[in-house]
Amino acid sequence: MVSSMKWKFGKWKFGKWKFGKWNFGLVVFCLCLMTGSVVGQQAPTPGLQPLTAMPSVIQVPPEAQPSPNFNAEAATNAYLAQIPADARARSDAYFEGGYWMILWDFLYGAVILLLLLNLGWSAAMRDFAERVTRFNPVHTVVYWVQYLLLTSILGFPLTVYEDYFREHKYGLATQTFGPWMGDQLKGLGVNLVLGGILAVVLFGIVRRLQRTWWIWGSAVTVCFLILVVLIAPVYIVPIFNKVTRLDDPKVTQPILSMARANGIPAHDVFEIDASRQTTRMSANVSGFGSTMRITLNDNLLRRGSPEEIQAVMGHEMGHYVLHHIYKDTLFFSVVIVIAFALLQWSLNWSLQRWGEKWKIHGIGDTAVLPLVVLLVSIFGFFVTPILNTQTRTTEGEADMYGLNASRQPDGFAQAAIHLGEYRKMNPGPVEEWIFFDHPSGRNRIYAAMRWKAENLRLMRWQASPESVAGSPPSDQK
């Protein structure tokens, strides 16, 4: 999938990605909107299945078999009936618990940031950085290192619960604590480097262009966004996972044939060893231009049927052909500009009220960083439904493209069920609008079965136009 909007650093999509929580607000915005999948793991026990496991081999139910009376609604219900009740309950509990985690992440982070401001820790870190050096760029880096280390330590209790214990509780993680901690440190290193670079540039802009900094800052952030999207597949992802060319012709030949048929200049299919960290099945399209890659993970290879793999890869090709990376980049560029404009107004207002109390000397003072992160976090929290809607829309478009490209509606239904190991399959419409960055499992299966129904009807019409002329669609009673 293209890009996603969770506030943590880390997980691959056709499932879920997360991003680093405690970054410089717009560093977060940037890195979050683009870096995608970056966590490494240790090898799982052979044959390990997630505790939320849906059936490994998902049969096409009788109601979904081609027939003159094929009904999309009945076929959808038949597929959903294959999900064991305990697996559905566990998946629903995991996903619904994630709603609360969004709130606790926001509140916990806000408390940390307010502590840094009200206890004078941010001002003390600035003073220490100024004692180390008066050279502003180095001063910014020294402050950034202190800030990131301190907030990572303070945020660690919630991080270890959410990303380690909770994932293991639901059978979605395969790492022991040591390798997991190693990847957290790698992520910290990536954030230190990338965040430090962006912080130096943005603070430099603020200090030199005090009236128009938000315009230039948003432009630089967008450029940084594009740069990270460009380099992530080649330079960032391999820090955490091994990415290799897939050489199994049984898998690659149908995928490459489908790519050629859809005008995609793909010569290779890549595999990522995601089973070192997770049981999630996933695929991904990432990068720009020459760094563009279509990748599937080894969990999908191990557990997915050939039809399922082709359906998933058709979906990923849809992202490429429909230019979703470019469109999402444009969309989030607009979001970044809006965020900077609101940031400029809210910073001025906040500093007038509390700047003296927090010992912040102005917008160009590095001690303002916790306030920046807090304000951007508030913005991100409240626009979550809008961000999710944008991503869910592009995912739905890629679904339909993938169905037409792969012509594997049953494979697509199987993939939706497997994703139901960590996604609620049948949410209410408001629930889906607020919390889902992909169409729900039920809606995806229904879309596949509706596609199947109409194509069966089309084939019957081609075979005998008179017999179906004027008849209602086959999924309607």
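Colleague: Is strand E4 enclosed or open, and how many of its residues are buried?
Modeller: Strand E4 covers residues 293–297 in this predicted model. Strands are DSSP runs of E, at least two residues, and helices are runs of H or I, at least four, numbered from the N terminus. Buried means under 20% relative accessible area, exposed over 50%, partly exposed in between (1.4 Å probe, protein chains only). E4 is largely enclosed by the rest of the structure because the buried residues number 4 of the 5.

Colleague: Which residue stands opposite Leu296 in E4?
Modeller: Strands pair if DSSP finds at least two bridges between them. Strand E3 (residues 283–286) pairs with E4 in the antiparallel sense over 4 bridges. The residue opposite Leu296 is Ala283.

Colleague: Which residues does Met313 contact, beyond its neighbours within four places in sequence?
Modeller: Contact means heavy atoms within 4.5 Å. Met313 is one of the buried residues of helix H10. Leaving those neighbours aside, its contacts are Ile255, Met258, Ala283, Ile294 and Leu296.

Colleague: How far apart are the end C-alpha atoms of H10?
Modeller: H10 has 16 residues, 306–321. The expected span is 1.5 Å times one less than the number of residues. That gives 22 Å, and the model agrees, so the end C-alpha atoms are apart by 22 Å.

Colleague: How many residues of H10 are buried?
Modeller: Residues are numbered from 1 along each chain as its sequence is written. Local features need pLDDT of at least 70, side-chain atom pairs count only at pLDDT 80 or more, totals for chains, interfaces and linings use all residues, and side-chain values use heavy atoms, without hydrogens and water. H10 is mostly covered, and its buried residues number 12 of 16.
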